[in-house]
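Hi,

Here is the structure I promised to pass on.

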Amino acid sequence: MKHFPAIEYRHRRLLARLLAAMLVLLMPIGISGCEKADEREFFAMDAYMRIRVFGAPEGALDEAADEIEALSALLSATDEKSEIYALNHAEGKAMTVSPDAFDIIERGLELSRELGGCFELSLRPVSRAWGFTEDENRVPPESELRELLKLVGDERIVTDRAARTVALPAGFELDLGALAKGYAADRAKERLSDAGVSAALIDLGSSTILAFGKKPDGSKWKIAVRDPMGGDTPAGTIEFDGGAISTSGGWERYFEGPDGQVYWHIIDPRTGAPARTGAYSVTVLTDDALYGDALSTALFVMGPDGAKEYYEAHGDFEYLMFSEDGGMLMSPGMKGLFTPAG
Ligand code: ADP
Ligand code: MG
């Protein structure tokens with residue numbers, strides 16, 4: 001496939017970070033003007049993040065950024081000091097967790113039931129075998145994946161709200177990578193609203209963006225959607241009144257195997273291998289960012305037909321999908337919000 005340059009994964013991520021730093025200058029767009037906006041940029045959850053607020057009281061921006069940084073430390077599966085790391089090594093015992101960890105796990109499990117086997121919080125044993133979080137990519141043999149899939153199954157995770165405990169079966173491990181940024185964006189929004197911020201744009205690394213409130217000039221929020229086939233030129237823009245925009249793409253994290261095949265970080269829990277159901281990039285618009293983050297990952301796994309069916313059954317979001325064959329699919333509501341470039 002010619003749109004995948006054969007750059008070693010490690011170097012590609014460095015390059016991606018540099019590009020991300022440059023991209024934040026471009027995306028989201030249309031929020032400059034004569035009105036006064038305050039801004040803070042920082043690095044967390046492996047991404048360059050930016051929060052822009054209008055009419056913010058002193059300290060509100062810092063509080064929101066601190067909250068995201070704290071969540072990043074709490075929810076990482078690789079940081080040995082994190083709560084999720086401790087839970088992943090509890091060897092089958094129930095563990096008391098913080099309200100935030102409990103909340104994200106419970107809501108993740110709810111979504112996992114809803115998303116019909118396309119979304120699993122307990123996917124880590126499988127994703128680790130592919131080396132995505134460790135930057136040591138390999139193609140595991142099918143027999144290994146079959147064994148590891150025995151350690152995946154969110155329905156076997158037991159939570160107790162009153163005691164605030166979570167119990168993973170022995171050998172199970174959580175990976176909250178598909179929804180941690182969404183959760184963090186929702187929490188940052190809460191923080192900012194409580195502090196009296198009237199409008200803000202919370203950009204957690206371009207793949208999760210949340211906008212709320214009315215901009216002082218009354219214009220709509222405007223977000224550029226990357227064209228996955230065309231490098232860094234946008235495919236178009238989405239204009240909306242507020243909500244969360246989440247993107248999951250095969251171009252975000254991938255490596256080329258010794259067989260010349262491209263393997264990306266979005267895994268189909270039914271096979272244990274990168275999802276190849278025809279999707280190449282999915283962008284969704286939802287009310288809350290946690291739902292959007294999980295949904296963009298799950299719709300990617302569902303592929304074009306499955307995503308359409310899911311949309312028709314639920315309809316509580318809008319989406320735009322680029323398929324591997326270069327096609328673009330949109331939900332009816334998205335057609336009114338998306339303007340192609342050019
Ligand atoms: P990004 O983190 O780049 O915004 P996504 O939101 O699509 O991208 O999440 C991808 C991450 O989610 C992967 O890196 C992995 O940690 C996890 N993941 C991959 N496939 C699944 C899946 N089917 N269900 C739940 N989590 C997944
Ligand atoms: Mg996601």
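Predicted model: local features only at pLDDT ≥ 70, side-chain atom pairs only at ≥ 80, totals over all residues.

Residues are numbered from 1 along each chain as its sequence is written, chains are lettered from A and ligands numbered from 1 in the order in which they are written, and side-chain values use heavy atoms, with hydrogens and water left out.

**Ligand 1**

There are 18 residues around ligand 1, and Asp175, Ser207, Ser248, Ile267 and Thr297 come nearest (a residue counts as near if one of its heavy atoms lies within 4 Å). By class, that shell has 8 nonpolar, 5 polar and 5 charged residues (Ala, Val, Leu, Ile, Met, Phe, Trp, Tyr, Cys and Pro are nonpolar, Asp, Glu, Lys and Arg charged, and the others, Gly among them, polar). Helix α8, residues 289-314, gives the most to the shell, with 3 residues (helices are DSSP runs of H or I, at least four residues, and strands are runs of E, at least two, numbered from the N terminus).

Some polar contacts (pairs of N or O atoms within 3.5 Å) involve oxygen atoms of ligand 1. A polar side-chain atom of Ser248 lies 2.5 Å from one, a side-chain N or O atom of Asp293 is 2.9 Å from one, and a backbone N or O atom of Ala178 lies 3.2 Å from one. The protein covers 92% of the 570 Å² of accessible area that ligand 1 has on its own (Shrake-Rupley method, 1.4 Å probe).

**The magnesium ion**

Ala178 and Asp293 turn up again at ligand 2, the magnesium ion: its donors are Ala178 (O), Asp293 (O), Asp293 (OD) and Thr297 (OG1), at 2.2 to 2.6 Å. Donors here are N, O and S atoms within 2.8 Å of the metal (3.2 Å for Na, K and Ca), and water is not among the atoms, so sites may look incomplete. Asp293 and Thr297 both sit in helix α8, 4 residues apart, about one turn of the helix.

**The sheets**

An open sheet of 8 strands runs β1-β2-β6-β7-β10-β15-β16-β17, with antiparallel pairing (strands pair if DSSP finds at least two bridges between them). Its edge strands are β1 (37-44) and β17 (328-330), each pairing on one side only. Within this sheet, β6 (residues 199-203) and β7 (residues 208-213) are joined by 5 bridges, and Asp203 stands opposite Ile209 in β7.

Another open sheet has 3 strands in the order β8-β9-β18, also with antiparallel pairing. β8 (221-226) and β18 (338-340) are at the edges with a single partner strand each, so one side of each has no neighbour in the sheet. β8 pairs with β9 (residues 234-240) over 6 bridges, and Val225 stands opposite Gly236 in β9.

Cheers

Definitions and conventions
Polar contact = N/O pair within 3.5 Å; in protein donor to acceptor, adjacent residues only side chain to side chain.
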